[in-house]
Amino acid sequence: MVAALVIGMFIFVVYKKTFNSVMYSTGFAMTLVGMTMVTTLVILAVTSNVVLSLGMVGALSIVRFRAAIKEPMEIVYLFWAVAAGMLPLAVIGSAIIGVILILFANKKIHDNPYLLILNCQDENAENTALSLMKEAVKKHAVKSKTVNAQGIEFTAEIRMKDGETAFVNRLNEIAGVENATLVSYNGEYMS
């Protein structure tokens, strides 16, 4: 049980170090420690029957949590905590998994996308704003365009050059541009 506690705390530390979402849950992190110890306790209780012990671990892995899993990586940590309860393989496996997650979990693979929302009074203001945007960003893609009696609303997904956002100020200074909004977007919606 002491070994399970140490491995569970290792999983807890790796989770805390690699966490990069919006809402950190201490309860979920502590669940990882508890799950490691409970799995070890169940396996110790049924060690005389390997098939029964594996069946119990399988049953533990499908327990439905009342809290929603917010990130796909949380599932990795849950299964890691269950597997770490099987002590002979847990020490080596936890060391390897921990190193891999620490090395790769927070690596920036690509530029963060932004959504640029422009409200323009007319087509001339839109064209001027779009030409300035094309010069200022590395990459862009039109997501939506709405035209009505009040004007034009244009939304584009953009990739920034060196994280520079000052061009949004220049967009807003163009005659006929009512407002310019830049929103960081990582592909996930919060509910």
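Arg 159 is partly exposed, at a relative accessible area of 21%. Here buried means under 20% relative accessible area, exposed means over 50%, and partly exposed lies in between (1.4 Å probe, protein chains only). This is a predicted model, in which local features need pLDDT of at least 70, side-chain atom pairs count only at pLDDT 80 or more, and totals for chains, interfaces and linings use all residues. Residues are numbered from 1 along each chain as its sequence is written, and side-chain values use heavy atoms, leaving out hydrogens and water.

**Confidence**

pLDDT is the predictor's confidence in each residue, from 0 to 100. The protein chain averages 76, and 68% of the residues score at least 70. Confidence is lowest in helix 3 (residues 50-61), with a mean of 66, and highest in helix 6, at 89. Helices (H or I, at least four residues) and strands (E, at least two) are DSSP runs, numbered from the N terminus.

**Salt bridges**

The structure holds three salt bridges. Each needs a side-chain nitrogen of Lys or Arg within 4 Å of a carboxyl oxygen of Asp or Glu.

| Pair | Closest N to O |
|---|---|
| Glu 157 and Lys 143 | 3.3 Å |
| Glu 157 and Arg 159 | 3.2 Å |

Lys 145 lies in strand 2 (residues 137-148) and Glu 126 in helix 6, so their bridge ties together parts 19 residues apart in sequence. Lys 145 is partly exposed at 46%, whereas Glu 126 is buried at 4%.

Lys 143, Glu 157 and Arg 159 are linked in a network. Glu 157 is buried, at 18% relative accessibility. Lys 143 is exposed, at 51%.

**Nonpolar cores**

A nonpolar core is a set of buried Ala, Val, Leu, Ile, Met, Phe, Trp, Tyr and Cys residues joined through side-chain atoms within 4.5 Å. The largest one has 21 residues, and Leu 116, Met 133 and Leu 171 are among those that touch the most other members. Among the elements giving two or more residues to this core are strand 1 (113-120), strand 3 (151-160) and helix 7 (167-172). Helix 6 gives the largest share, six residues. Leu 171 touches residues including Leu 118, Ala 129 and Val 177, not counting those up to four places away in sequence; contact means heavy atoms within 4.5 Å.

A second, separate core has 15 residues, including Phe 12, Leu 32, Leu 78 and Ala 81.

**Helix 1**

Ala 4 sits in helix 1 (residues 2-18). Ala 4 is buried, at 0% relative accessibility. Ala 4 and Ala 81 are 77 residues apart in sequence, yet 9.4 Å apart in space, C-alpha to C-alpha.
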